Amino acid sequence: MTGSSLSARNLTAGYGDRTVLQSLDLDVAKGGITAIVGANACGKSTLLRTMSRLLVPATGQVLLNGKSIHHTPPRALAQRLGLLPQSPTAPDGMTVADLVSRGRHPHHGMLSRWTAADDAAVARAMTVTGTADLAEREIDALSGGQRQRVWIAMALAQQTDVLLLDEPTTFLDIAHQIEVLDLLVDLNRADGTTIVMVLHDLNLAARYADRILALAQGHLHAAGTPEDVLTSDTVRHVFGLACQIITDPVSGKPMMLPRSRHDRTAPRVMKPLRSVPTKASPT
Amino acid sequence: MIVSPPRTHADLIPQLSHQRRRRERRRLQIVAALAALLIAGGVLTLMVGQSTTPLHVVLRVLSGEDVPGASFTVGTLRLPRMTLAVLAGLSFGLGGAACQTLLRNPLASPDIIGITAGSGAAAVLGIVMLQWSGAAISVLAIVGGLGTALLIHALAWRDGLSGARLILIGIGIAAMLNSVTAYVLLQAPAWSLQEALRWLTGSVNGARLGQALPLLTALLTFGSLLLVRSRDIDALRLGDDKAAALGVRLGAVRLQVIIGIVGLISTATAAVGPIAFVSFLAGPIAAWIVGPGRPVLVPAALVGAVLVLGGDYAGQFLLPNRYPVGVVTGALGGPYLLYLIVRMNRTGRVA
């Protein structure tokens, strides 16, 4: 599998009268890992929902390999583009193997039978996500980290070359966050799966993504490598937060240290945020 | 015995396919067992009533032979009653389970959220006010059921559909429509208590074989609308977003499923009245039999038929008095509804 290119052209979308995204243009790196970051209610999830066909844009289009996804039959699209929504729920009592098997849905018509290829795809998805040992366990009985790995396994069984994830690390402790993100990097490296994920944690985004898209009020404020995007100017504009950027000694990527009104070493931040002169020191 | 966990996906494939085959076999066994139970129950109700007719006599009547006495009790009394009970039960069970699955809530069955009440009210209005009968009543019941479905949908819609809001609005609409039925029944000139009871609780008293044909036609038409979509209905249980991400056409599937549900429930209601709680109970009972997380449509249809057939038989012969089937199923469904409400109170959400 090679990655597919995903891009948005002049995208305007929202709910009812409320416009969330304003004529957005963006390109997702083919075969790369892209993180979408931004403040609450800036349109991150709306963007992901529009890019995965859950939401029909008011104007503009989303192109998968140059073809509009809103003009692609849903099942054909679901064979190429997968989505893991934010905190999905499994029916009570469903087992892990059963749930992961549902990922094969788009590969079946009304009457087609389950084949050996389906078993192979499910088995592989469960092996790479480390959920094989859980096959007969019920989803409800799993820990948060295990559950998230099962949902990723289901998305993998779908065998798409683009995978969109809406905050895949929410509600996970830090060890499980790292585990899930490491797993996504493995998949990206092994299969060339194009990965697009909404992340809240800027430092994790900088660490795991090849490219970062920073959204502010429904506009694309910045796009590029973590080094390009994660600057104190961007953070101030996107989050209204004063910060200092240093180089993460572990990964060599940029790392954001927020300033607080209570920092003893930064007394000037006591003033209202907007008027704070930021001391950007990009190492 | 401790099975060592599979290390590679090559080890896992045979394990998965073995478990899947076992699940499929178990599912077939359950469906076969329920079908056998239904057939046995059907034969029993043909044989044993206030008098007992031997099996060979029942078979002779069924083959069209004229047997003095037996032709009347079996052919005219028991057979239409049994046929109607089975067909209505299949319709209520299938429609109810599809509705609960579509709305992902055991409380969201057609008899709770007002679809049955809408069909019943339309049928009673048609019979009493317009003096209609036969197929026209079925069509009117479908129109009434569909109208009710659209009404609760429109009232519950606010930037999307919330199951809890839809259920509460449906319960209110059902109460209003039931009072319409009661009012119209009071205006009816000279109806027997039996006739009125059919429209209040549901009954297969006085069934005629001619009523079975519209019911069978509706079961085949609307039932197949649901069954061809069973895979998509199953995917909907993962939530709208996840189902859409799996390639389910949400709007089209939902419309087709709602038409299927309303068609089944309305035609059955037009024939035998709103038999209490059958569509509410069949899905959960079937889910309990097939195990959690497994598809329930076909087992639920069979459970529905067993409930109506068994309930009617119990109401006729096993209880101290004669009761219409709806009273018996109502007595079964009430406690389960209370259980759901208690659980809802404890968890703080609607089921």
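A residue counts as buried here if 20 or more other C-beta atoms lie within 10 Å of its own, and as exposed if 12 or fewer do. Keep that in mind as you click around this predicted model.

**Stop 1: two residues in chain A**

Start by selecting A:Gln159. You'll find A:Gln159 in the loop between α5 (144-157) and β7 (162-166) of chain A. Is A:Gln159 buried or exposed? A:Gln159 has 20 C-beta neighbours inside 10 Å, so it counts as buried. Check its backbone too: phi is positive, about 50°, although A:Gln159 is not a glycine.

Now jump to A:Asn10, which sits in strand β1 (residues 6-15) of chain A. A:Asn10 isn't a glycine either, yet its phi is positive, at about 50°. Because A:Asn10 has 12 C-beta neighbours inside 10 Å, it counts as exposed.

**Stop 2: the two domains of chain A**

Colour residues 6-230 of chain A as domain 1 and residues 231-283 as domain 2. The C-alpha centres of these two domains of chain A are 30 Å apart. Where they touch, domain 1 of chain A gives 14 residues and domain 2 of chain A gives 12. On the domain 1 side, select α7 (202-208), β9 (211-216), β10 (219-224) and α8 (226-229) of chain A: each supplies at least two residues. Which of these gives the largest share? It's α7(A), with four residues. By type, the domain 1 side splits into nine nonpolar, three polar and two charged residues.

**Stop 3: where chain A meets chain B**

Show both chains. Here 37 residues of chain A are in contact with 27 residues of chain B. On chain A's side, pick out α2 (74-78), β6 (81-84), α3 (96-101) and α4 (116-128), since each of them supplies at least two residues. The largest share comes from α4(A), with seven residues. Chain A's side is made up of 20 nonpolar, nine polar and eight charged residues.

**Stop 4: a helix in chain B**

Finish by selecting helix α3 (residues 70-102) of chain B. How far apart are its end C-alpha atoms? They are 45 Å apart, which agrees with the 48 Å that its 33 residues should span at 1.5 Å a residue. Zoom in on B:Arg78, where α3(B) bends by about 40°; a proline, B:Pro80, follows within four residues. Of the 33 residues of α3(B), 25 are buried, so this helix is largely enclosed by the rest of the structure.

Key: Residues numbered from 1 in each chain as written. Chains lettered and ligands numbered in written order. Predicted model: local features only at pLDDT ≥ 70, side-chain atom pairs only at ≥ 80, totals over all residues. Contact = placed C-beta atoms within 7 Å. Nonpolar A, V, L, I, M, F, W, Y, C, P; charged D, E, K, R; others polar. Expected span 1.5 Å × (residues − 1). Bend = angle between axes of the 7 residues up to and from the residue. Domains from an automatic or database assignment.
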